[in-house]
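Here are a few friendly notes to read alongside the structure. Keep the 3D view open and look up each residue as you go.

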Amino acid sequence: MIVLHELDYNPKIDYLICRNLVKHQPHKYDEASLRKTFIGDLSPTNNFEKDILKIKQFFIQYDASQLSTQDIAELYSIIVEEKIDCKAIELYSRFTEREVVQMVYLVQQQECDIETLFKILLLVNYCKYYNKPLIPYRGVCRELYWNARFNNSKRMNVVMNSLIHMTNKINVKHDVSFNELAVNSLQMHKDTFLNMFPDCRLGYCGSIALGQGNEYSDLDIVIVFPDNKNINLYKRSINQFWQDKILIPYDTILVKESEMNSRLTVSILRTLKYI
């Protein structure tokens, strides 16, 4: 890996860690183009594309599990373009709920970009303790921070476990041939699914839809609902329907017909294939 040098290369995790550390990222951007920029197939043209390459270059030079407080300060300055005193940063010998709360307290005491410093500390301390990657997803880290700050221990543990699970799911390696089997399973069970969820459209998107899936790819299943349906009522039952039918990691993307252009990313819309 780029982020953790001794582990087997997982391009998706390296990319997602670096992407979630980028500070200024537009709401609408082409995910596929950003990935190609990250791996060197395209030259960067936008600032956020240049930023992700700066973060990647940092991790090529420094292993996340071996970072010093000075290295963390350097990474922070690359992301935020502001300096922070490395003496104000702490590293921990353990990684428990207590340490996460301490990270929040430390961040609160600094004049800094709170979200960025918290994500860096979370990533580095987790990598140091477990020698495993952790993807610092923006929204999840934000929720973790606020629950830790207000001592909501129960919810904090749920969110932390969710963050770990989301990373581990992407770190599962499978035979590339399973990608085609996953699509075949979608086609095989389409009629049953649409009988249970009438008036919906079923599709998939991403690298597998483009025929570019690898051994770490997951299947992104897209379900388009009529505008008069309450999507929240169907999330659990939809996941239960597919959980024993898809043999690789998968995500379900639920969206209303009228909200497709506003809620789905450029890459999802561009690669979407209906079954």
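1. Let us begin with charged side chains. Twelve salt bridges are counted here, and please keep in mind that this is a predicted model. As background, side chains of opposite charge can pair when their charged atoms come close.

2. Start with Arg19 and Glu31. These two residues form a salt bridge in which the closest N and O atoms are 2.7 Å apart. Arg19 sits in helix H1 (residues 11-21) and Glu31 in helix H2 (residues 31-39), so the pair links distant parts of the chain, twelve residues apart.

3. Arg35 joins Arg19 and Glu31 in a network of salt bridges.

4. Next, look at how the two helices meet. As a general point, two packed helices are described by the angle between their axes and the distance between the axes. For H1 and H2, the axes come within 11 Å and cross at roughly 105°. An angle of 65 to 115 degrees counts as roughly perpendicular, and H1 and H2 are therefore roughly perpendicular to each other.

5. Which residues make the contact between H1 and H2? On the H1 side you will find Pro11, Lys12, Asp14, Tyr15, Cys18 and Arg19, and on the H2 side Glu31, Leu34, Arg35 and Phe38. Sorted by class, this contact has five nonpolar and five charged residues, with no polar ones.

6. Asp30 pairs with Arg270, their closest N and O atoms being 3.2 Å apart. Asp30 counts as partly exposed at 23% relative accessibility, and Arg270 is partly exposed with a relative accessible area of 46%.

7. Finally, turn to Arg142 and Glu115. Their side chains meet in a salt bridge, at 3.1 Å from N to O. Arg142 is in helix H7 (residues 138-149) and Glu115 in helix H6 (residues 114-130), and the pair links distant parts of the chain, 27 residues apart. Arg142 counts as partly exposed at 38% relative accessibility, and Glu115 counts as partly exposed at 28%.

Technical notes
Residues numbered from 1 in each chain as written. Predicted model: local features only at pLDDT ≥ 70, side-chain atom pairs only at ≥ 80, totals over all residues. Heavy atoms only, no water. Salt bridge = Lys/Arg side-chain N within 4 Å of Asp/Glu carboxyl O. Helix = DSSP H or I, 4+ residues; strand = E, 2+ residues; numbered from the N terminus. Buried < 20%, exposed > 50% of the residue type's maximum accessible area, 1.4 Å probe, protein only. Axes fitted to C-alpha atoms, helices over the stretch in contact; angles between N-to-C directions. Parallel < 35°, antiparallel > 145°, perpendicular 65-115°, else oblique. Contact = heavy atoms within 4.5 Å. Nonpolar A, V, L, I, M, F, W, Y, C, P; charged D, E, K, R; others polar.
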